[in-house]
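This report covers a strand hairpin, a helix with its flanking loops, and selected salt bridges. The sequence and structure come first.

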Amino acid sequence: MTWEELLERISLGQDERTLFLPPDLSPEELARYAAGLANHRGGILFLGVDGEGRVVGASEIHPLQITHALFQLTQGLLLPYVEVIEGPMGRVLALHVPQSPAAVAVGAGRVPFWDGKRLTELRVGQALPEPDFTAQVLPAASLSDLDPVEVLRLRRILEERGSNLAALPDLELLFALGLLERVEGQDKPTVAGLLLAGTPLALRRLLPQAEVSYYFHESEEGYTFREDMLRPIPALLQRLRDLIQARNRVRYLTVGLFRLEVWDFDQEVYREALLNALVHRDWQSPDAIQVHHYPDRLEVSNPGSLPPGITPENILRHPPKRRNPRLAEALYRLGYVERAGSGVDKMYRLLLKYGKEPPEYRLFPEALTLVLYNPELDEAFVRELAEAQERLGGFSLDHLIAVGHLRRVGEASLEELSRALQLPLEAARKVLARMERMGLLRKEGGRYHLLRRDSLGERALGLLTNPLSRREVEAQLGLSSRAALALLNRLIREGKVERVGRGAATRYRRL
């Protein structure tokens, strides 16, 4: 949030999802207000703004103090994302507080509740349910709202997976997947049923929020293509794949006997991102999922923030939580998602394997944006990483995270790598010690450095015993023209290779 956005938000005043608080509150008072927001609909608590909307600043408070205090005072139920906003009038801390599915207490017998004007208390144990909306049956829904063609698609998917469910008659199949419920003697589709097999008319009439908008941007300003889709999830995923793949570049790298395909955006990665948005979104929100496709990044935004307790800083390690269990279970049976919630791990592994950055999570009070970056391809690093994994028998996800982080920043302390790994210090130390023994990194002066073998340079030097042209080097090493020229120029700067001849007669030879 920028300073201008902060001032604009403050100008609107407090409401049921926005709270202003001065910085001199006790930890217990702050916890009560934060829990009060969580016990209603969630929202933002601005620390360093008085009740009149004047910025008074919160310069003495560290974000980690807040998260630690709230975690302790709410028995681990409340861990908001704290955003620091600095400007000419001081420093404001914005606590992004998610809605809690059950009452969050602060102290014995005290369950705060913020109603937009004042802080009250509820009874301990009083549920603040966030029922599984995808398990509900909408009053106006009927069996005719399901599309037989989409039901057949689900059956075909199950047949390809070898599932016994594929042999069931249609109605039994839909009941088994949780897509039908019997209500007052009638079979009616659940919201999950409509999302997976509803007709276009039924989705438009009953679940218009199921629309997904795809935008392609050739530059940062505006978009050059847009398509709004309102389809059942299997058909929706197929169409999104077609749209993204039509604008998705691939490059081929040869490593030993293997050829690697390096896409701008790996299909498995963006599929996981799209599924996360569908499974974890707030289906009661009227807003649509948006997919913004840029040359250098893919942004997937969905209504609803992360589940309570999960933050960008612990998402890799936190046990999975599902906001919509009925939909998630059906997608699991259809093979779209893993029951163990390994989608985040998969995204991390595939991105880091090809030298890309980990996914970035941007939290907002009522939405979440997942960003997949597409940096300039480092062919030498991808080859080196592939060769190292082949030599050492594969890397764990922890190894990939540490290698990727050190490649980006050059060197890092144990504390910095602990945060990147989302592990406690002692656990991170063990991971790094093993990597030292593997010859992947070294520790100097309390900081870790990546040990990189210049295998590509070594291969080039082996070839250049006899003078070769750039194109001959390019062909024998399986490099692009740009990568071959960059390699040769680096070896010249290092005094290992010299350039002889001019123009078309230019050759390179080892010194």
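Two strands pair if DSSP finds at least two bridges between them. Helices (H or I, at least four residues) and strands (E, at least two) are DSSP runs, numbered from the N terminus. By these criteria, strand β18 (residues 441-444) pairs with β19 in the antiparallel sense over 4 bridges.

The model is predicted: local features need pLDDT of at least 70, side-chain atom pairs count only at pLDDT 80 or more, and totals for chains, interfaces and linings use all residues. Residues are numbered from 1 along each chain as its sequence is written, and side-chain values use heavy atoms, with hydrogens and water left out.

**Overall**

The protein contains 18 helices and 21 strands. Its C-alpha trace spans about 85 × 65 × 45 Å along the principal axes. Of the 511 residues, 51% are buried, where buried means under 20% relative accessible area, exposed over 50%, and partly exposed in between (1.4 Å probe, protein chains only). Contact means heavy atoms within 4.5 Å. Among contacts between residues at least 6 apart in sequence, 62% join residues at least 24 apart.

**The β17, β18 and β19 strands**

β18 and β19 form a hairpin with 2 residues between them, and G445 in the turn has a positive phi of about 60°. Within this pairing, L441 has L450 in β19 as its bridge partner. β19 (residues 447-450) is also joined by 3 bridges to β17 (residues 411-413), and those two strands run antiparallel. In that pairing E411 stands opposite H449 of β19.

Helix α9 (residues 267-280) has 14 residues and reaches 20 Å from its first C-alpha to its last, close to the 20 Å expected at 1.5 Å a residue; the expected span is 1.5 Å times one less than the number of residues. Because 10 of its 14 residues are buried, α9 is largely enclosed by the rest of the structure. The buried residues include V269, Y270, L274, L275 and L278. Among the elements that cover the buried residues of α9 are α8 (233-245), β13 (289-293), β14 (297-303) and α10 (325-333).

D266 sits in the loop between β12 (258-263) and α9. It caps the N-terminal end of α9, with a side-chain oxygen 2.9 Å from the backbone nitrogen of E268. A polar contact is a pair of N or O atoms within 3.5 Å; within protein, one must be able to donate a hydrogen and the other to accept it, and residues adjacent in sequence count only if both atoms are side-chain atoms. Apart from neighbours within four places in sequence, D266 is in contact with L350 and Y354.

A salt bridge is a side-chain nitrogen of Lys or Arg within 4 Å of a carboxyl oxygen of Asp or Glu. For charge, Lys and Arg count as positive and Asp and Glu as negative; His and the chain ends are not counted. D266 is buried yet has no salt bridge, the nearest side chain of opposite charge being K353 at 7.4 Å.

R281 lies in the loop between α9 and β13. R281 is likewise buried without a salt bridge, and the nearest side chain of opposite charge, D282, is 6.1 Å away. A polar atom of the R281 side chain lies 2.9 Å from the backbone oxygen of Q209, and one lies 2.9 Å from the backbone oxygen of D287.

S285 is found in the loop between α9 and β13. It is buried, at a relative accessible area of 11%. Its side chain reaches the backbone nitrogen of D287 at 3.2 Å. Not counting residues up to four places away in sequence, S285 touches Q209 and P303.

**Salt bridges**

A search of the whole structure finds 34 salt bridges. Three are tabulated.

| Pair | N to O distance |
|---|---|
| D170 and R155 | 2.5 Å |
| R326 and E181 | 2.9 Å |
| R362 and E360 | 2.6 Å |

D170 forms its salt bridge with R155. This pair links distant parts of the chain, D170 in helix α5 (residues 170-176) and R155 in helix α4 (residues 148-160), 15 residues apart. D170 is partly exposed at 43% relative accessibility, whereas R155 is buried at 11%.

R326 and E181 meet in a salt bridge. The two are 145 residues apart, with R326 in helix α10 and E181 in strand β7 (residues 180-183). R326 is partly exposed at 22%, as is E181 at 27%.

R362 is partly exposed, with a relative accessible area of 29%. Both E360 and R362 belong to a network of salt bridges that also links E220, D296, R297 and E299.
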